[in-house]
Amino acid sequence: MEASAAVDSSATMAAFEVSNTGKLVLSSPSPPSLREELVGVVGKAFRPRAASGGRAPRCPWALTALQCVFPVLTWGRTYTLKSFRSDVMAGLTLASLGIPQSIGYANLAKLDPQYGLYTSVVPPLIYAVMGTSREIAIGPVAVVSLLLSSMIQNVVDPATDPATYRSLVFTVTFLAGVFQVSFGLFRLGFLVDFLSHAAIVGFMAGAAIVIGLQQLKGLLGLSHFTNSTDIVSVIKAVCSALRHDPWHPGNFFIGCSFLIFILITRFIGRRYKKLFWLSAISPLISVILSTVAVYATRADKHGVKIIQKVHAGLNPSSAKQIHLNAPHTAECAKIAIICAVIALTEAIAVGRSFASIRGYKLDGNKEMLAMGFSNVAGSLSSCYVATGSFSRTAVNFSAGARSTMSNIIMSITVFITLELFMKFLYYTPMAVLASIILSALPGLIDIKEACDIWKVDKMDFVTCLGAFVGVLFGSVEIGLAVAIGISFAKIIMQSLRPQVEVLGRLQGTNIFCSIRQYPVACRTPTVLTIRIDTSFMCFINATYIKERIIGWVREEVETSDGKARERIQAVVLDMSSVVNIDTSGLTALEEIHKELVSLGIQMAISGPGLNAVQKMKVSRVVDRIGEDWIFLTVGEAVEACLTEHKGTALEC
């Protein structure tokens with residue numbers, strides 16, 4: 001008796017659960033309002049986390065807010081002398097690479113050498129107390145330097161008006177920092193994702209070649225050169241300069257000699273991990289040796305181009321040079337947002353790659369805040385846009401950096417160099433700076449990754465190729481526009497034609513799956529089950545989905561005429577993938593329902609998302625279809641249709 005009662009009870013519960021699942025779908029809670037969503041976003045950004053144990057601090061909000069903005073307050077409490085020794089060595093090694101690179105990148109940005117060094121002093125200090133990456137090295141980088149020079153020179157020529165050009169650089173840097181801070185505060189990190197991985201690979205490769213071509217000016221010692229960055233203009237400028245302008249082969253000899261030296265030391269450093277420091281200090285050794293050689297031989301008197309005077313001392317204030325109400329503010333804002341996104345993309349990619357090696361998680365929003373405040377502070381102290389450098393971060397990692405203290409050590413070292421050693425750079429040849437920049441470019445060209453993209457996704461490769469060709473034969477802006485345009489075209493194409501699949505049941509289960517993907521799945525007689533594979537059924541795809549479903553239904557009706565046992569009695573729409581729906585999607589559902597009613601076919605819907613359910617209820621689509629025909633799962637919908645029309649499921 002007890003066993004029988006238990007069986008009856010189980011059967012009753014099962015029947016109750018099945019019959020009430022549709023009501024569960026329709027009684028789901030209302031989605032949050034716009035105000036609640038905005039409050040939730042701000043709350044997540046600033047709400048303190050609950051303490052994991054121990055006595056709660058007296059001012060938890062204040063302490064958590066400070067730790068959120070300044071992560072140094074968290075890791076600084078457990079910082080040890082051993083870690084400090086490792087960071088000192090890493091910081092000194094980093095400075096030996098960063099000093100010559102910063103001078104070269106300033107030249108690439110069409111600024112005086114000291115501005116590159118300034119950018120290696122203030123931004124690293126700010127990032128050290130606000131950043132979450134332990135290994136990333138902050139400072140000027142090649143791609144951002146190229147972005148600034150190529151775009152700002154279209155507004156003001158740095159050769160004819162260097163003061164206004166510098167003012168625009170500082171204004172762009174300030175606005176880029178403001179944009180980056182805004183991204184972090186309002187959790188707008190998705191904007192960085194507008195540049196897909198494939199687009200970044202192509203853009204970086206194209207930018208590397210453009211940067212390399214730009215270095216021909218220093219490598220050949222040319223006096224006149226084009227401001228254009230496309231490959232055709234640069235090659236024409238080189239050919240014209242070689243025909244008409246005198247050039248000294250000493251520049252080419254110095255540049256190539258030290259380029260070979262740097263590449264050899266890099267090969268040795270990669271082959272023998274313990275000698276990583278050799279490749280790190282080779283740029284500094286190149287600067288010292290070339291400077292001594294030019295001074296000893298007075299090669300500057302015989303056509304070798306040199307840096308000449310470099311201003312020494314601490315960063316002067318540039319606050320008065322930032323103009324937010326000038327005639328070029330709109331152009332500065334456009335350039336700033338491009339630089340902000342590119343800088344964040346590079347920094348976060350570098351930071352995450354090394355964080356994964358060390359086994360910790362990088363906080364993307366905090367990184368945006370740290371980068372933003374670093375650039376805002378930098379813009380006020382004669383710095384231009386700074387971000388994380390892959391080559392210097394790799395050196396910092398190999399040198400054993402344990403925290404952002406290595407950035408502080410590097411900053412102090414660069415400051416000492418600014419104070420004491422700037423006069424020794426007078427005879428440094430421009431060719432050696434070109435060789436240092438050229439040596440850093442191979443790391444930006446990832447042929448293997450481009451080949452992998454081709455193998456995996458041909459459309460992604462088209463995006464990669466579009467960015468590469470756009471930068472190489474057009475400009476930086478054209479390359480970015482082409483990459484983003486192709487990416488959005490790909491998304492629109494996929495949204496226009498979402499997958500609409502006919503489902504079948506796997507034998508002996510209640511699992512329904514695509515009969516195209518799984519041919520072993522068998523159709524249920526008299527019931528056509530269709531899955532809509534899109535998260536947003538909207539104006540862009542609603543008509544296509546409607547026509548595809550109605551077309552299948554009409555085809556089924558025509559082929560089953562005269563065969564009463566096989567005639568379609570019901571259509572089940574699996575909307576478990578449909579998270580949201582707009583008015584066009586609702587209209588499409590109504591038209592599908594009307595068409596099915598005219599054919600004497602019942603319509604059922606299973607598993608729609610929360611927002612989709614709410615909109616279907618408000619628009620009274622649920623009332624027209626009938627509340628009894630909304631189900632939680634496909635299996636329940638199919639069984640209900642079979643029961644209603646006295647059908648029997650195919651044994652499978």
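What is the accessible surface of the protein chain, and what percentage of it belongs to carbon and sulfur atoms? The accessible surface comes to about 31500 Å², and 63% of it belongs to carbon and sulfur atoms. Areas of this kind come from the Shrake-Rupley method with a 1.4 Å probe; for residues, only the protein chains shown count as cover.

The structure is a predicted model: local features need pLDDT of at least 70, side-chain atom pairs count only at pLDDT 80 or more, and totals for chains, interfaces and linings use all residues. Residues are numbered from 1 along each chain as its sequence is written, and side-chain values use heavy atoms, with hydrogens and water left out.

The protein chain holds 27 helices and 10 strands. Helices (H or I, at least four residues) and strands (E, at least two) are DSSP runs, numbered from the N terminus. Of the 652 residues, 50% are buried. Buried means under 20% relative accessible area, exposed means over 50%, and partly exposed lies in between (1.4 Å probe, protein chains only). A contact is a case of heavy atoms within 4.5 Å. Among contacts between residues at least 6 apart in sequence, 81% join residues at least 24 apart.

The interior was examined next. A nonpolar core is a set of buried Ala, Val, Leu, Ile, Met, Phe, Trp, Tyr and Cys residues joined through side-chain atoms within 4.5 Å. The largest such core has 112 residues. Within this core, V143, L147, L148, I152, F203 and I342 touch the most other members. Helix α15 (residues 329-358) gives the most to this core, with 14 residues. Another core, of 50 residues, lies apart from it and includes L503, M537, I625 and C641. The contacts of F203 take in V143, L147, I342, A467, F468, V471, V476 and L480, when residues up to four places away in sequence are not counted.

F488 is found in helix α22 (residues 476-496). F488 is partly exposed, at a relative accessible area of 35%.

Charged pairs were then counted. A salt bridge is a side-chain nitrogen of Lys or Arg within 4 Å of a carboxyl oxygen of Asp or Glu. By this rule there are 12 salt bridges. One of them joins E135 and R358, with the closest N and O atoms 2.9 Å apart. The two residues lie 223 residues apart: E135 sits in the loop between α7 (122-130) and β1 (138-139), and R358 in helix α15. E135 is buried at 0% relative accessibility, whereas R358 is partly exposed at 26%.

A salt bridge also forms between E639 and R505 (3.2 Å, N to O). E639 lies in helix α27 (residues 634-644) and R505 in strand β3 (residues 499-505), so the pair ties together parts that are 134 residues apart in sequence. E639 is partly exposed, with a relative accessible area of 36%. R505 is buried, at 7% relative accessibility.

Helix α25 (residues 610-618) has A612, V613, Q614 and M616 buried. Just after α25, R620 takes a positive phi of about 70°. The side chain of R620 meets that of D623 in a salt bridge (3.3 Å, N to O). D623 is partly exposed, at 41% relative accessibility.

Aromatic rings complete the survey. Rings of Phe, Tyr and Trp (its six-membered ring) pair if their centres lie within 6.5 Å; planes under 30 degrees apart count as stacked, over 60 as edge-to-face and the rest as tilted. The whole structure holds 10 aromatic pairs. The rings of F354 and F390 have centres 5.9 Å apart and planes at 45°, so this pair is tilted. F354 belongs to helix α15 and F390 to helix α17 (residues 390-398), 36 residues apart. F354 is buried at 7% relative accessibility, while F390 is partly exposed at 44%. Ring pairs also link Y115, Y118 and F170 into a cluster.
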